[in-house]
Amino acid sequence: MRNLIPRIVLRSLYMGICGLLAAMLPFFGDINGIVGALGFIPLDFILPMLLYNMTYRPSKSSVMYWMNIAIMFVFTGVGLLGAFSSVRKLVLDADKFKLFSSDVVD
């Protein structure tokens with residue numbers, strides 16, 4: 001109970017700052033693309049396959065081992081292509097951005 005007031009104040013301050021930044025930066029969708037390509041693709045498609053191969057150590061002649069390796073290579077490429085295309089879109093749209101603009105840059 002003694003930590004309730006500081007937690008409420010800090011959380012409210014944090015949410016206010018995050019809301020201000022989200023309203024201030026009109027390229028939030030482009031940033032989401034970069035974060036998704038660099039953050040979520042490796043966590044969803046690459047890391048589980050790698051950890052499976054490290055944990056269960058299937059033989060290198062098994063289909064499961066080579067399928068996991070193939071999935072890791074394919075989605076590494078997908079993640080890199082997604083990151084490059086998101087950065088490219090961000091750079092191409094950079095001249096259209098204005099702070100606190102309600103115009104959606106597409």
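This report covers a helix pair, a nonpolar core and one aspartate in a predicted model.

Residues are numbered from 1 along each chain as its sequence is written, and side-chain values use heavy atoms, with hydrogens and water left out. Local features need pLDDT of at least 70 and side-chain atom pairs count only at pLDDT 80 or more, while totals for chains, interfaces and linings use all residues.

**Helix pair**

Helices are DSSP runs (H or I, at least four residues), numbered from the N terminus.

| Item | Value |
|---|---|
| Angle between α2 (residues 28-56) and α3 | about 170° |
| Distance between the axes of α2 and α3 | 9 Å |

The two helices, α2 and α3, are therefore roughly antiparallel (angles over 145 degrees). Their contact comprises 20 nonpolar, 7 polar and 2 charged residues; Ala, Val, Leu, Ile, Met, Phe, Trp, Tyr, Cys and Pro count as nonpolar, Asp, Glu, Lys and Arg as charged, and the others, Gly among them, as polar.

**Core**

I46, M49, Y65, I69 and M72 form the largest nonpolar core, of 5 residues (buried Ala, Val, Leu, Ile, Met, Phe, Trp, Tyr and Cys joined through side-chain atoms within 4.5 Å). α2 and α3 each supply at least two of its residues, and α3 gives the most, with 3.

**D93**

D93 lies in the segment after α3 (63-92). D93 is buried, at 5% relative accessible area (buried is under 20%, with a 1.4 Å probe and protein chains only). Its side chain makes a polar contact with the side chain of K89 at 2.8 Å (a pair of N or O atoms within 3.5 Å; within protein, one must be able to donate a hydrogen and the other to accept it, and residues adjacent in sequence count only if both atoms are side-chain atoms).

Conventions. Buried means under 20% relative accessible area, exposed over 50%, partly exposed in between (1.4 Å probe, protein chains only). Axes are lines fitted to C-alpha atoms, for helices over the stretch in contact, and angles run from 0 to 180 degrees between N-to-C directions. Angles under 35 degrees count as roughly parallel, over 145 as roughly antiparallel, 65 to 115 as roughly perpendicular and the rest as oblique.
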